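Have the chain open in your viewer, and let us walk through it together.

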Amino acid sequence: MRGIHNIYNKPDDYLSKKSILGVWNSIAGIRLELTKFGVPSDSFMKKKTNSGTDTMFWRDKWLGERTLKEIFSNLYLLDKTKNCRVANIIDRGTARWDWKQPPATPTQVHELANITSLIVGFHLNSDPNVWKCTLAEDGRFHVNEIRRRIDQLSTPTPPPPHTPASPIVWLMEIPIKVNCFVWRDNVGRVPSAVALIRRGIPVDSTICKGCRTEEDDSKHILFDCPFARTVWRWIMTWCSIQFPCFQSQLLKKRRHTLLSICYGALWWIWRARNERIFNSQHNSPAKVADTIQAQVFSWIKYRRKQCNIKWVDWYTRPLNCN
Ligand SMILES: [Zn+2]
C-alpha cells in the first residue's frame with residue numbers, strides 16, 4: 001500500500017496519492033470530513049516514537065504539536081537529507097547531523113542550541129512506534145468516541161441563566177431540537193438553499209419554492225415569505241400583540257410564553273417548508289398555525305414546572321397563562 005500510494009517518503013499526515021482511486025483513498029478522505037467538523041485527525045491520533053525508524057525527523061509531528069521543520073526552518077534548509085528518520089539523527093541521546101555547511105549565522109546557531117536542548121536525552125528503543133487515540137482512556141480508536149466529539153462540537157450547550165450578552169434565550173420548556181434550531185438560525189446555520197450554495201453544496205435553484213420570487217435564505221423562509229407572514233399574522237392576532245410592540249412585549253413577564261410560541265413558529269414554519277420541498281406535502285398557513293398552537297401548549301403544559309395551563313385559556317389569551 002505504501003508503494004501504491006507513494007507514501008514512504010511522505011510524512012504521517014500524508015495518507016494517499018489522490019490520482020489513484022480506490023478504497024484506501026476513500027478511507028483517507030475521511031480525514032478531510034473530520035477537519036470540516038472541527039476534529040482534525042492529528043488532534044486525537046498521537047504517535048509515540050519508539051524505534052524512530054519510520055518517523056520523519058523534520059516533517060512528522062513527533063515532539064509536540066508542530067513539526068521541527070516549522071519550528072527550526074533555518075536548520076531544515078541546511079540539512080542534506082530532508083526526509084531523514086528520527087533514528088538517523090538521534091543516537092543514544094545525542095544528535096548526528098549531516099549539514100550542507102555547519103550552522104554559522106546567529107539565527108542558525110540559536111536554532112541549533114534550541115533543537116539540541118529539545119532532543120537531548122530523547123532515547124529510542126527497539127519497540128515499534130505506536131499510535132494512540134487520545135479520545136478514549138484505553139488509547140484505542142473507537143468510532144463512538146469520534147461521534148461523541150462531533151456531537152459535542154455541533155450541539156450548543158444551554159447558556160447559563162441571566163447571561164447578559166446571551167444571543168438567544170434557552171427555554172427549558174421546549175424541546176432541545178427546537179432550541180438548537182433557533183440557535184442555528186441565530187448563527188446563520190440553517191441549511192437554506194442559499195446557505196447550501198455558499199457551502200459548495202449543489203442545489204437546483206436558490207429561489208424560494210413557496211413564493212417563487214425571492215431567494216431561499218433563512219430570513220425569507222422564516223419571516224418574509226408570504227407563507228411565513230400569514231402564520232406570524234395569525235400568531236400576533238391570537239396573542240393580541242402587534243409587530244411594533246413586539247420587542248416591548250418581550251421584556252414583560254410573559255416573555256417566556258411568547259418566546260416559546262415564537263420558537264415553535266420558527267420550527268414549524270421550517271418543517272412546513274421542508275415538507276413542501278422534499279415530500280410535496282402542502283400545508284396551509286392556517287394548518288401550520290393550528291399545529292404551533294397545539295404543540296406549544298403541550299410543551300408548556302408538560303415541561304413547565306407547576307403549570308396549570310388550560311386549553312380554553314390558552315386558546316383565547318395565551319400570554320395570560322402561567
Ligand atoms: Zn418565499
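Gly 64 counts as exposed because it has 9 C-beta neighbours inside 10 Å; a residue is exposed if 12 or fewer other C-beta atoms lie within 10 Å of its own, buried if 20 or more do, and partly exposed in between, with C-beta atoms placed from the backbone. You will find Gly 64 in the loop between strand E1 (45-48) and helix H3 (68-71). Helices (H or I, at least four residues) and strands (E, at least two) are DSSP runs, numbered from the N terminus. Gly 64 is 18 residues away from Lys 46 in sequence, and their C-alpha atoms are 9.7 Å apart in space.

Before going further, please keep in mind that this is a predicted model, in which local features need pLDDT of at least 70, side-chain atom pairs count only at pLDDT 80 or more, and totals for chains, interfaces and linings use all residues. Residues are numbered from 1 along each chain as its sequence is written.

**Confidence and overall make-up**

The score pLDDT is the predictor's confidence in each residue, from 0 to 100. Its average over the chain is 82, and 85% of the residues score at least 70. Among the elements, helix H14 (residues 285-303) has the highest mean pLDDT, at 93, while helix H12 (residues 246-251) has the lowest, at 50. Over residues 159-166 pLDDT stays under 50, and for this stretch the model has two contacts beyond four places in sequence. Two residues are in contact if their C-beta atoms, placed from the backbone, lie within 7 Å.

The chain holds 15 helices and four strands. Of its 322 residues, 19% are buried. Among contacts with a separation of 6 or more, 57% join residues 24 or more positions apart.

**More loop residues**

Thr 81 sits in the loop between helix H4 (73-78) and helix H5 (86-89), and it is exposed, with 11 other C-beta atoms within 10 Å.

Ser 280 has a phi near 50° and belongs to the loop between helix H13 (255-279) and H14. Ser 280 is exposed, because 7 other C-beta atoms lie within 10 Å. Gln 306 also has a phi near 50°; its place is the loop between H14 and helix H15 (311-316). With 5 other C-beta atoms within 10 Å, Gln 306 is exposed.

**How the helices pack**

Axes are lines fitted to C-alpha atoms, for helices over the stretch in contact, and angles run from 0 to 180 degrees between N-to-C directions.

| Helix pair | Angle between axes | Axis distance |
|---|---|---|
| H11 and H14 | about 45° | 9 Å |
| H8 and H13 | roughly 85° | within 9 Å |
| H11 and H13 | roughly 155° | within 11 Å |

Angles under 35 degrees count as roughly parallel, over 145 as roughly antiparallel, 65 to 115 as roughly perpendicular and the rest as oblique. For residue classes, Ala, Val, Leu, Ile, Met, Phe, Trp, Tyr, Cys and Pro count as nonpolar, Asp, Glu, Lys and Arg as charged, and the others, Gly among them, as polar.

Helix H8 (residues 176-186) is roughly perpendicular to H13. On the H8 side, Val 178, Phe 181, Val 182 and Asp 185 meet Tyr 263, Gly 264, Leu 266, Trp 267 and Trp 270 of H13. This contact of H8 with H13 has seven nonpolar residues, one polar and one charged.

Helix H11 (residues 226-238) packs with H14, and the two are oblique to each other. Residues of H11, including Phe 227, Trp 234 and Trp 238, meet residues of H14, among them Pro 285, Val 288 and Ile 292. The contact of H11 with H14 has nine nonpolar, two polar and no charged residues.

How do H11 and H13 lie to each other, and which residues meet? H11 and H13 are roughly antiparallel. From H11, Ala 228, Val 231, Trp 232 and Ile 235 meet Ile 261, Ala 265 and Ile 269 in H13. The contact of H11 with H13 has seven nonpolar residues, with no polar and no charged ones.
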